[in-house]
Amino acid sequence: MDFGVTGKLGGYYLAEQYRKNAAADKNGGVNFAELAAAKAAGQSDVSGMSFKDMWQARFPGAYYHTADVSDIPQGVWERNDFPFEIFFRNDLDESAVNWKPNGANPAMDSSGVQSRLHSIAGQKSIVVPPELEEKMKNDPALAKQVMAKVESFIATNQVPGRICSHLIVLDENGEIARFRASSHGGNITGPTEEEMRQFEAEQAAKKKRREEYARLNEESALKRRLMEQEADKRYYRSKAVSIAAYEAAGILK
């Protein structure tokens, strides 16, 4: 069974993985040690590589497309019949950009969707808008930053024990605008027992804080009601005294 994920990051396990990756790489730099293949291929200055070269050196065989597809609505992008497999080819078919949904969204476990997911198992593809590509050509530092962001994102969306595929769409500023990630085969592995204990402890602590917050709110509301009642009593007592004083003085008859 192949599983697909679209949209933004979600779920405890992926969030934990992102936290760990961020902690392990606080500088957010590209792991150029893993780009040694580029040097062997004749690149004397790895730090001066283009974004495309960095991408394909870091992920050999990965697809690279120059096109602006970040405007495809998220609702369309998330459909199981969206032709995502088109992005895993050397030539990007414009039919993917202009694709419109027709009918009900097929189930993730349907044979057609599973077959298409299986066809891209382990592959990676990225789509870079022309404006961003031009920016990165003129700004190598920006290219490194975007590569570091993409590399961290892929590391975050890895499921241990399974073969994962990733399709990433960047916007003109180098942000990840859309993505599809799917995992295939192998054994599904989730958080370790220690991670689960930590998660449960965090959830228990959050629950306790919510309950304490609700209790304090209730106490505060009760105090306000009592103060309002006391203020009303003082007002009416003062009013009664004033009326009595006026009557004694013959002002009120």
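Which residue forms a salt bridge with Glu212? In this predicted model, local features need pLDDT of at least 70 and side-chain atom pairs count only at pLDDT 80 or more, while totals for chains, interfaces and linings use all residues. Residues are numbered from 1 along each chain as its sequence is written, and side-chain values use heavy atoms, with hydrogens and water left out.

The partner of Glu212 is Arg215, with the closest N and O atoms 2.5 Å apart, a salt bridge being a side-chain nitrogen of Lys or Arg within 4 Å of a carboxyl oxygen of Asp or Glu. Both residues lie in helix α8 (residues 193–248), where they are three residues apart, about one turn of the helix; helices are DSSP runs of H or I with at least four residues, numbered from the N terminus. Glu212 is partly exposed at 35% relative accessible area, and Arg215 is likewise partly exposed at 37%, a class that lies between buried (under 20%) and exposed (over 50%), as computed with a 1.4 Å probe on protein chains only. Together with Glu219, Glu212 and Arg215 are linked in a network of salt bridges.

Helix α8 also contains Glu230 and Arg234, which are four residues apart and thus separated by about one helical turn.

In helix α6 (residues 130–138), Glu131 and Lys135 are four residues apart, and their salt bridge has its closest N and O atoms 4.0 Å apart. The structure holds eight salt bridges, including those described here.

Key:
Helix = DSSP H or I, 4+ residues; strand = E, 2+ residues; numbered from the N terminus.
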